[in-house]
Amino acid sequence: MQLKTLHTVALLAATLTTGLMAGLFAAFGYAVMPGLGGSSDRTFVEGMQKINASILNGWFMFCFLGGIAFTALALALSLRSGADRSALPWIIAGLVLYLAMFVITSGVNVPLNDQLAKAGDPARIADLAAARRDFEARWVTWNTVRAVANIAAFAVLAWALILHGRATASPAASAEPGAGASVPASVSVPASATAPASVSATAVAAANTSGPGALSYGSETVPCAPGSVAYGGGTVAYGTGSVAYGTGTGRASAPS
C-alpha cells in the first residue's frame, strides 16, 4: 500500500473511531443519564452496574483504543510523508483532545464504575441512596467534560481529513481548464513559416484551428517560423517542435 493511501486510511479510521466514541459519551450526557436520573435508587444503581459490565466488549475497546492508535499512526505518517502538511496541526490537536478524554475516562469514570460494582448486588446494598450519591453527580460531570473533549477531537480530525483530501487531490483533475480560461499552452510550429516582428496576445483554452504554419492567440492568428520569442522575462526558442506561450508580449526574430 502506498504511503499516501495508508495515510488517508489511517486518518479516516481515526476520524471514525473518534466520532463513534464522541457519540457514545454524548448519548450518555443527553439521554442515558437524564433517563436514569429520574428513576429510583435501586433502578439507577442496578442499571449503571449492568451498563458498565456490558460495555466492556470488543467493539467498545476497538473504538476506545483505536482512536488513539489510528490518530497516532496518521500523525506519524504525516510527519514521514514530507508532503503538504496543512492537516498536521489539526491531527496533533485531535490527538491531544482525545488523550484528554482517555485520561478522564481512565482516571475518573472507570474508578467510579469499579466503586459502584464493588457495592455489590443492589438487593443487598444497605444504603442505595448513599451508593448513588457517591457516584452520580461526579460521574455525570466528568462525562460531560470528556464528551466535549471527544467531540472537539472528532471535529478537528474531520477538518484534518478535509485538508488532507485537498492536498492529495489529483493535479490532473484539478488543473483541467474550462473553455475560455487563460492557461499556458504549446503548439507545433513548422520550420517553413514566416515570423512576424512582434506578437501580443493572451493564450486561451481553446483548440488551435489556425492550421499548419500559424499560431492562434485568442482571436488573432499569426504566422510563425523558426526563431525565438522573448516574453515575461524569458526567451523561448521555437521552430520545428513546440512553443509554450501564455499571457505576454513577445518579439520574434526570423532566422538569418
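## Cores and selected residues

His164 lies in helix α6, residues 136-167. Helices here are DSSP runs of H or I with at least four residues, numbered from the N terminus. This is a predicted model: local features need pLDDT of at least 70, side-chain atom pairs count only at pLDDT 80 or more, and totals for chains, interfaces and linings use all residues. Residues are numbered from 1 along each chain as its sequence is written, and side-chain values use heavy atoms, without hydrogens or water.

Buried means under 20% relative accessible area, exposed over 50%, and partly exposed in between (1.4 Å probe, protein chains only).

Beyond four places in sequence, His164 contacts Lys4, His7, Thr8, Leu11 and Ala87. Contact means heavy atoms within 4.5 Å. Gln115 is 66 residues from Gln49 in sequence, yet their C-alpha atoms are 9.9 Å apart.

Next, the nonpolar cores. Each is a set of buried Ala, Val, Leu, Ile, Met, Phe, Trp, Tyr and Cys residues joined through side-chain atoms within 4.5 Å. The largest has 14 residues, and Met33, Phe44, Val45, Met48, Phe135 and Trp139 have the most contacts inside it. Two or more residues come from each of α1 (3-37), α2 (41-54), α4 and α5 (128-133). A second, separate core has 13 residues, including Leu75, Leu77, Ala87 and Ile91.

What does Trp139 touch, not counting residues up to four places away in sequence? Its partners are Phe28, Met33, Met48, Asn109, Leu112, Asn113 and Arg146.
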